[in-house]
Amino acid sequence: MILLLWGVHVRRERQFEVQILAAARKYQVDPALVKAVVWRESRFDASARGAAGELGLMQLREAAAGEWAKAEKLSQFTFDQLRDPVTNTMAGTWYLARLLKRYVTTDDPVPYALADYNAGRTHVLRWNTGEAATNSAVFMEQITFPGTRNYIQAVAKRRDQYRAQSRWQRGG
């Protein structure tokens, strides 16, 4: 029984690898990080819907999806299209790439970008004062939402696990 459950888990985690790798390559984001965000946000459930209306694998809000569609010049885009795993991973990875670029002056943009993805820019601006503006360890200490701190740690740990798998280290 345990072996069967493990097999279902592995199959579910590998189900969207093609989409994740394609989006990661297009937007130049670590594919292991994208996969870890998908794991944490939806547990690889393409039909997932969040309490605040987030949709799909990467649990995107309508505003973020609209920004992606505008940047990609997709005039016929509708929020409901995020139910498609290809569209969702493209939009979510674009958004994640945008957040990572926002924090390039830090020693490690990932915690800042993940905090922004999870809690929003307003909170990140409140937490990244003083030394935390460039030092990710200090930034992590200043996060006042335990859920956001846990989110960042869980995603980073899962990213490292995916990186340990050779195909995610190489991005394909």
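Arg-159 sits in helix α9, where helices are DSSP runs of H or I of at least four residues, numbered from the N terminus. Arg-159 counts as buried because its relative accessibility is 11%; buried means under 20% relative accessible area, exposed over 50%, and partly exposed in between, with a 1.4 Å probe and protein chains only. The model is predicted: local features need pLDDT of at least 70, side-chain atom pairs count only at pLDDT 80 or more, and totals for chains, interfaces and linings use all residues. Residues are numbered from 1 along each chain as its sequence is written, and side-chain values use heavy atoms, with hydrogens and water left out.

**Helix α9**

- Arg-159 touches Asp-30, Ala-32, Leu-33, Ala-36 and Val-110, not counting residues up to four places away in sequence; contact means heavy atoms within 4.5 Å.
- Thr-148 also belongs to helix α9, which spans residues 146–164.
- Thr-148 is buried, at a relative accessible area of 3%.
- Its side chain makes a polar contact of 2.7 Å with the side chain of Asn-118.
- A polar contact is a pair of N or O atoms within 3.5 Å; within protein, one must be able to donate a hydrogen and the other to accept it, and residues adjacent in sequence count only if both atoms are side-chain atoms.
- Beyond four places in sequence, Thr-148 touches Ala-115, Asn-118, Ala-119, Trp-127 and Ile-143.

**Largest pocket**

- The volume of the largest pocket is about 390 Å³.
- A pocket is an open set of points on a 1 Å grid over the protein atoms alone, where a 1.4 Å probe fits, with protein on both sides within 12 Å along at least five of seven lines.
- Grid points are joined across faces, edges and corners, and the volume is the space filled by probe spheres set on the points.
- Lining residues have an atom within 4 Å of a point.
- The lining holds 16 residues, and Arg-61, Tyr-95, Asp-116, Tyr-117 and Asn-118 lie nearest the centre.
- Helices α4 (62–71), α5 (85–102) and α6 (109–119) each give two or more residues to this lining.
- The largest share, 4 residues, comes from α6.
- By type, the lining divides into 6 nonpolar, 3 polar and 7 charged residues.
- Ala, Val, Leu, Ile, Met, Phe, Trp, Tyr, Cys and Pro count as nonpolar, Asp, Glu, Lys and Arg as charged, and the others, Gly among them, as polar.

**Aromatic pairs**

- There are 6 aromatic pairs in the structure.
- Rings of Phe, Tyr and Trp (its six-membered ring) pair if their centres lie within 6.5 Å; planes under 30 degrees apart count as stacked, over 60 as edge-to-face and the rest as tilted.
- Tyr-95 and Tyr-117 make a tilted pair, 5.8 Å centre to centre with 55 degrees between the planes.
- This pair links helix α5 to helix α6 across 22 residues.
- Both Tyr-95 and Tyr-117 are buried.
- Trp-127 and Phe-145 pair edge-to-face, at 5.2 Å centre to centre and 85 degrees between the planes.
- Trp-127 lies in helix α7 (residues 121–127) and Phe-145 in the loop between α8 (136–142) and α9, so this pair ties together parts 18 residues apart in sequence.
- Trp-127 is buried at 1% relative accessibility, whereas Phe-145 is partly exposed at 31%.
- One aromatic cluster is formed by Tyr-103, Tyr-112, Trp-127, Phe-139 and Phe-145.

**Helix α1**

- Arg-14 is in helix α1, residues 2–14.
- Arg-14 is partly exposed, at 44% relative accessibility.
- Arg-14 and Lys-35 are 9.5 Å apart, C-alpha to C-alpha, and 21 residues apart in sequence.
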